Amino acid sequence: MLRQKLLKAQTLSDPARPRVLLIIPCFNEAGTIGSLLREVSETPYDSLVIDDGSKDDTAEISKEWTQCLSLPFNLGIGGAVQSGIKYAFRQNYDLCVQVDGDGQHPPEEITKLVSHWIKTQANLVIGSRFLSTEGFKSGFARRLGIQLISRCLFVLFKNSITDPTSGFRLMDRKAMQLFCEYYPADFPEPTSIALALGHGLNVQETSVIMRSRTDGTSSIYGWKSVSYIIRVLSQILQVRLGGIV
Amino acid sequence: MSHQIISPLTTASLILFIAGYTVFLVRAKIRETLDIYDFALLSAVIVWPAFTILFPATFEKITSLMGVKFPFTVLFGLLFVSSFILFTRLASQQKKNEKRITAMAQEIALLKLERSDNLSISNPKSKIPAQNSLNTESLAA
């Protein structure tokens, strides 16, 4: 069914009514994107799918529901998310919420991120799956890796983040401005937190419930997980030492 | 010691190599396929062997100062250092180019989307629903 594109009204942003854009980076998510966008259409937010050089029908399916930013070739998750952030910033959105295209982030949980932002006015609000006992938690090895990264962030930045690899996050304009200029191409989730903390941004967490992946497999598995952890930790250290990744 | 290490045959081979490689490098520079810093680093393959042939006594003195018995070890060491400097430069240029290409690809996609947005707005036939602004009062309650 052809849906009309949602276009933002060209009104000035109002603190009581922040304009929110959901950015949904996708790479070959034709199996899940349709159902995700159906759920997203029931929320009061604008949305933008970023098609990261998919070889399947991700872009075509997305265009039936919302706007689609098609990258000319695959840039990776970091490049795709940064594209969405740049769009949100240029179109004067007050808040930008990253939602993964694999269906793991229930759109109804976005309200929790926005509520937390209203209460705290944090620059970056991360949806953590480990602050509650409900929902999907990842496997043991992965949780161990996440704890290592979390510990590293605490030691280097004195900030406790329980779910540093969560891609479910809300950014305000200050965070968007930073990420428009610097956003890590590799391992963007934990490194971007380090970047935000290194630039003095207020980074907070709120509890969300996530679902397990409904289609496809993770790109980080087996021995790749070990190399992932080593590379993430070294990038966080690099940011702490004043480097921009 | 150097006259025993660098025999006339070795000298002749090195001179031939230096001549051929110099021609290759200068042609590449003329065709602008190399910048001046890469040219200088790649010239190390000519410079250090030429130094060995032209100044054998000086080379031997440097070798003995470094405590190395076999002079060609120093020569290869200098070539390795030149190569690593070149690799570092190439890696850093590659990273810079990667960032530029990413930024360009993003701009192309964004401009394309913004252009299609503008076309939709300017098209009087398109029916666009008003945006639903998020009401924070209900969320704060």
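Visitor: Is the crossing of H3(A) and H6(A) left-handed or right-handed?

Guide: Happy to walk through that pair with you. Please keep in mind that this is a predicted model. The crossing of H3(A) and H6(A) is left-handed. The two partners are helix H3, residues 76–90 of chain A, and helix H6, residues 173–181 of chain A. Their axes come within 9 Å and cross at roughly 130 degrees. H3(A) and H6(A) are therefore oblique to each other.

H3(A) contributes A:Gln82, A:Ile85, A:Lys86, A:Ala88 and A:Phe89. From H6(A) come A:Arg173, A:Met176, A:Gln177, A:Phe179, A:Cys180 and A:Glu181. Sorted by class, the contact of H3(A) with H6(A) has 6 nonpolar, 2 polar and 3 charged residues.

Helix H7 (residues 188–198) and helix H8 (residues 223–240), both of chain A, have axes that come within 9 Å and cross at roughly 15 degrees. Because of that angle, H7(A) is roughly parallel to H8(A). The crossing of H7(A) and H8(A) is right-handed. On the H7(A) side the contact is made by A:Pro190, A:Thr191, A:Ala194 and A:Leu195, while H8(A) brings A:Tyr228, A:Val232, A:Gln235, A:Ile236 and A:Val239. Here the contact residues divide into 7 nonpolar, 2 polar and no charged.

Another helix of chain A is worth a stop for its buried residues. In H4(A), residues 110–120, the buried positions are A:Ile110, A:Leu113, A:Val114, A:Ser115, A:His116 and A:Trp117. Just after H4(A), A:Gln121 takes a positive phi of about 55 degrees.

Of the 245 residues of chain A, 56% count as buried. Taking contacts in chain A between residues at least 6 apart in sequence, 76% join residues at least 24 apart. The accessible surface of chain A comes to about 10,600 Å², and 54% of that belongs to carbon and sulfur atoms.

Chain B has 7 helices and 0 strands, and its elements run α-α-α-α-α-α-α from the N terminus on. Buried residues make up 28% of the 141 residues in chain B. Among chain B contacts between residues at least 6 apart in sequence, 60% join residues at least 24 apart. Chain B exposes about 9,800 Å², with carbon and sulfur atoms supplying 69% of it.

B:Thr63 has a relative accessible area of 3%, so B:Thr63 is buried. Leaving aside residues up to four places away in sequence, B:Thr63 touches B:Val68, B:Phe70, B:Pro71 and B:Val74.

Key: Residues numbered from 1 in each chain as written. Chains lettered and ligands numbered in written order. Predicted model: local features only at pLDDT ≥ 70, side-chain atom pairs only at ≥ 80, totals over all residues. Heavy atoms only, no water. Axes fitted to C-alpha atoms, helices over the stretch in contact; angles between N-to-C directions. Helix = DSSP H or I, 4+ residues; strand = E, 2+ residues; numbered from the N terminus. Parallel < 35°, antiparallel > 145°, perpendicular 65-115°, else oblique. Left-handed = near helix turned anticlockwise from the far one by under 90°. Contact = heavy atoms within 4.5 Å. Nonpolar A, V, L, I, M, F, W, Y, C, P; charged D, E, K, R; others polar. Buried < 20%, exposed > 50% of the residue type's maximum accessible area, 1.4 Å probe, protein only. Areas by Shrake-Rupley, 256 points an atom, 1.4 Å probe, with all protein chains shown as cover.
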